Amino acid sequence: MFKKILIANRGEIALRIIRVCHELGVKTVAVYSEADKYSLHVRFADEAICIGPPAGRESYLHIPRIISAAEITNADAIHPGYGFLAENSQFAEICASQGLIFIGPSPDAITSMGDKSLAKDTMRKAGVPVVPGSDGVVKDVKAGLEIATGIGFPVMIKASAGGGGKGMRIVREAVEFEKAFQMASNEAGAAFGNADVYIEKFVEEPRHIEIQVFGDKFGNVVHLNERDCTVQRRHQKLIEESPSPIIDSDLREKMGAAAIKGAKSVKYEGAGTIEFLVDKEKNFYFMEMNTRIQVEHPVTEEVTGMDLIKLQLKMAAGERLRKKQFKPSGHALECRINAEDPEHDFRPSPGEITSFHLPGGYGVRTDTHCYAGYTVSPYYDSLIAKLIVVAPTRDEAIDKMSGALEEFTVEGIHTTIPFHRRVMKNETFRSGLYDTSFIEKHYNRD
Ligand code: MV4
């Protein structure tokens with residue numbers, strides 16, 4: 001195991017990693033921006049180094065400063081958390097060149113999944129089902145229209161360098177195609193410096209189901225079942241759960257096997273997630289692969305009994321995966337508590353938390369870096385806590401979540417807690433039968 005690791009991140013995930021290091025006897029180095037001087041990751045790490053002003057590009061995204069901090073403190077490895085540099089293949093490469101272990105997959109695996117069109121191609125060749133569409137990038141409008149007509153409308157135009165919903169356009173009829181193609185391409189060029197787009201059949205009313213995978217340095221890959229992340233708003237996940245209410249053991253087996261094939265095809269190491277769209281007929285299609293630990297990983301931990309951050313460290317240190325030996329049990333739910341005002345279009349609500357009370361009890365977990373007196377900075381994402389519950393059944397988990405949300409008290413700023421309280425009482429949510437448009441359709445009506 002490592003002697004000392006640097007955590008190139010902040011907030012709850014930095015704390016989560018520090019806690020695992022304490023358990024494993026690994027020393028920790030926190031890096032922080034001037035905005036995070038009073039953050040708990042700074043307090044609880046063995047050492048802490050200020051790496052710059054609040055803006056991400058001047059601190060948590062500033063590669064030379066982070067590498068210098070690792071060198072000064074003599075760290076063996078760097079954990080990137082999620083966001084910031086977690087899926088930056090150049091950063092992973094620089095770590096390696098400086099003799100630092102990047103706790104994550106190889107730079108090649110990151111690169112091959114970072115380009116969405118290339119990722120899809122790689123998965124298709126590995127035998128993973130993909131949405132019917134163009135064979136790679138589409139050269140121009142004329143070629144695009146031919147392809148779209150061939151697969152049949154509606155289609156979706158997606159940015160190759162995109163992901164997470166950026167640079168996407170739905171086209172319902174041929175007459176709309178040219179304009180949509182230009183817009184998608186221009187948007188992609190402006191946002192990513194790469195105007196490449198590809199085309200897919202539009203999957204109507206899908207569910208977002210993702211499979212957690214882990215690979216070791218010896219070519220072994222396992223999957224740890226699915227998470228259902230269908231409850232989203234503008235491509236931001238709000239609620240995640242495992243198991244999915246729409247997946248049976250047969251489909252789970254098939255999706256898990258596909259995820260393993262896909263991960264093995266890029267010699268995947270460490271924690272990864274393969275996202276699928278699942279349509280009404282329960283066909284599943286590869287969408288994207290996230291080459292990092294994800295925000296919602298606790299949902300998988302609570303049903304498998306496995307510590308995924310600990311497993312990341314073990315894989316990076318060269319431990320071998322043993323045969324899939326976990327027995328998932330129960331139902332886990334996670335609500336993302338954001339410093340946002342759900343009454344005003346979820347606008348950011350930074351500021352000082354004047355009072356903070358966490359819920360507790362059997363099967364209730366909160367992952368948070370906040371406390372009474374902490375100031376939520378406007379510079380970073382608005383996640384202030386993850387409330388996770390586990391119970392024998394989905395109904396019981398929803399009831400437990402409902403109680404925990406009633407108890408959860410945050411004063412001084414607005415949060416998404418009142419929104420989640422309403423969702424837990426929503427009949428459509430409770431039925432388990434909805435699609436990715438659930439929030440848009442239901443939030444303002446019941
Ligand atoms: C799609 C789709 C329907 N058909 N692709 C959204 C984010 C990006 N990862 C891909 N996304 C979608 N791709 C085809 N061919 C619908 C979505 C989509 C979506 C997917 C998952 C969760 C929420 C979503 C909300 C809107 C659109």
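**Loops, ligand and spaces**

Q: Where is Pro 243 found?
A: Pro 243 sits in the loop between strand 11 (236-242) and helix 9 (249-265). Helices (H or I, at least four residues) and strands (E, at least two) are DSSP runs, numbered from the N terminus.

Q: What kind of peptide bond joins Ser 242 and Pro 243?
A: A cis one, with omega about -5°.

Q: Before I go on, what sort of model is this?
A: This is a predicted model, in which local features need pLDDT of at least 70 and side-chain atom pairs count only at pLDDT 80 or more, while totals for chains, interfaces and linings use all residues. Residues are numbered from 1 along each chain as its sequence is written, and side-chain values use heavy atoms, with hydrogens and water left out.

Q: OK. What about the bond from Phe 153 to Pro 154, cis or trans?
A: That peptide bond is cis, with omega near 0°. Pro 154 belongs to the loop between helix 7 (141-151) and strand 6.

Q: Which residue has a positive phi although it is not a glycine?
A: Glu 205, with phi at about 45°. Glu 205 is in the loop between strand 8 and strand 9 (207-215).

Q: Switching to the ligand. How many residues surround it?
A: 17 residues do, and the closest are Lys 158, Glu 200, Lys 201, Val 203 and Glu 288.

Q: Which atom of Lys 158 lies 2.9 Å from a nitrogen atom of the ligand?
A: A polar side-chain atom. For Lys 201, a backbone N or O atom lies 2.8 Å from a nitrogen atom of the ligand. An N or O atom in the side chain of Glu 288 is 2.8 Å from a ligand nitrogen atom.

Q: How much of the ligand's accessible area does the protein cover?
A: The protein covers 90% of the 530 Å² that the ligand has on its own. The areas come from the Shrake-Rupley method with a 1.4 Å probe.

Q: Which elements give two or more residues to the shell?
A: Strand 6 (155-159), strand 8 (197-201) and strand 13 (284-290). By class, the shell has seven nonpolar, six polar and four charged residues. Ala, Val, Leu, Ile, Met, Phe, Trp, Tyr, Cys and Pro count as nonpolar, Asp, Glu, Lys and Arg as charged, and the others, Gly among them, as polar.

Q: And why is the ligand said to lie between two domains?
A: Because domain 2 (132-201) and domain 3 (207-442) both give residues to the shell around it. The bounds come from an automatic or database domain assignment.

Q: What lines the largest cavity?
A: 13 residues, of which Gly 104, Glu 269, Gly 270, Met 315 and Ala 316 lie nearest its centre. The space in this cavity is about 80 Å³. Helix 11 gives the most to the lining, with three residues. Domain 1 (4-103) and domain 3 (207-442) each supply at least three residues of the lining.

Q: How much space lies in the second largest pocket?
A: About 290 Å³. Of its 16 lining residues, Met 306, Leu 311, Leu 321, Arg 322 and Gln 325 lie nearest the centre. Helix 11 (308-316) and strand 10 (221-233) are the elements that give two or more residues to that lining. The lining of this pocket has seven nonpolar, one polar and eight charged residues.

Definitions and conventions:
A residue is near a molecule or strand if one of its heavy atoms lies within 4 Å of it. A polar contact is a pair of N or O atoms within 3.5 Å; within protein, one must be able to donate a hydrogen and the other to accept it, and residues adjacent in sequence count only if both atoms are side-chain atoms. On a 1 Å grid over the protein atoms alone, a cavity is a set of points where a 1.4 Å probe fits but cannot get out, and a pocket is an open set with protein on both sides within 12 Å along at least five of seven lines; lining residues have an atom within 4 Å of a point. Grid points are joined across faces, edges and corners, and a volume is the space filled by probe spheres set on the points.
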